[in-house]
Amino acid sequence: QVQLVESGGGLVQAGGSLSLSCAASGNIFRIVSMGWYRQAPGNQRDLVADITNEGLTNYADSVKGRFTISRDNAQNTVFLQMDSLKPEDAAVYYCNAVRGIIGNMRQNYWGRGAQVTVSS
């Protein structure tokens, strides 16, 4: 099992910045990528950004140029810096870790979520 603990988030005015961090613990071997998803009320959970062990990043189009994902492999921690926040960025942000099992099989792990609220 992999445990993910998020911190950060909160309330900010539109145009402001917030940061999130997520620390992984437990059976962290074979984690191939970590990232962030978000879910607003009534919506599905969507990818925000992820980063592989090698540092390759992937962003949702809606956050490109505003959000930055980074990772500290030594600390098994992933960060999300969110700048120029918009009201539509408001959601619960979930940390995600993908762990390789056997062959190409993967298992997803999730944090409990961190609330991000953006006031207009």
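**Strand E9 and its surroundings**

In the hairpin that E9 forms with E10, five residues lie between the strands, and Gly103 adopts a positive phi near 60 degrees. Strands, labelled E, are DSSP runs of at least two residues, numbered from the N terminus. The model is predicted, so local features need pLDDT of at least 70 and side-chain atom pairs count only at pLDDT 80 or more, whereas totals for chains, interfaces and linings use all residues. Residues are numbered from 1 along each chain as its sequence is written, and side-chain values use heavy atoms, with hydrogens and water left out.

Strand E9 covers residues 91-100, and nine of its ten residues are buried, so the strand is largely enclosed by the rest of the structure. Here buried means under 20% relative accessible area, exposed means over 50%, and partly exposed lies in between, with a 1.4 Å probe and protein chains only. Two strands are said to pair if DSSP finds at least two bridges between them. E9 pairs with strand E4 (residues 31-39) in the antiparallel sense over eight bridges; Trp36 has Cys95 of E9 as its bridge partner. Strand E10 (residues 106-110) runs antiparallel to E9 and is joined to it by five bridges, with Arg106 of E10 as the partner of Gly100. Strand E11 (residues 114-119) is also antiparallel to E9, through three bridges, and Gln115 of E11 is the bridge partner of Val92.

Cys95 also takes part in a covalent link. A search of the whole structure finds one disulfide (a pair of cysteine sulfur atoms within 2.5 Å). Cys22 and Cys95 form this disulfide, with their sulfur atoms 2.0 Å apart. Because Cys22 lies in strand E3 and Cys95 in strand E9, the pair ties together parts that are 73 residues apart in sequence. The torsion about the S-S bond is about -85 degrees, so the disulfide is left-handed. Both Cys22 and Cys95 are buried.

The next topic is the nonpolar core, a set of buried Ala, Val, Leu, Ile, Met, Phe, Trp, Tyr and Cys residues joined through side-chain atoms within 4.5 Å. In soluble globular proteins, nonpolar side chains tend to be buried together. The largest nonpolar core here has 31 residues, and those with the most contacts inside it are Leu4, Met34, Trp36, Leu80, Met82 and Tyr93. Among the elements that give two or more residues to this core are strands E1 (2-8), E3 (18-26), E7 (67-72) and E8 (77-82).

Leaving aside neighbours within four places in sequence, Met82 is in contact (heavy atoms within 4.5 Å) with residues including Leu18, Leu20, Phe67, Tyr93 and Val116. Met82 of E8 is also the bridge partner of Leu18, and E3 and E8 pair in the antiparallel sense over six bridges. E7 and E8 likewise pair antiparallel over six bridges, with Phe79 of E8 as the partner of Ser70. Four residues separate E7 and E8 in their hairpin, where Asn76 in the turn has a positive phi of about 55 degrees.

The last topic is the aromatic rings. The structure holds one aromatic pair. Tyr37 and Trp110 form this edge-to-face pair, 5.0 Å centre to centre with 75 degrees between the planes. Rings of Phe, Tyr and Trp (its six-membered ring) pair if their centres lie within 6.5 Å; planes under 30 degrees apart count as stacked, over 60 as edge-to-face and the rest as tilted. Trp110 is partly exposed, with a relative accessible area of 36%.
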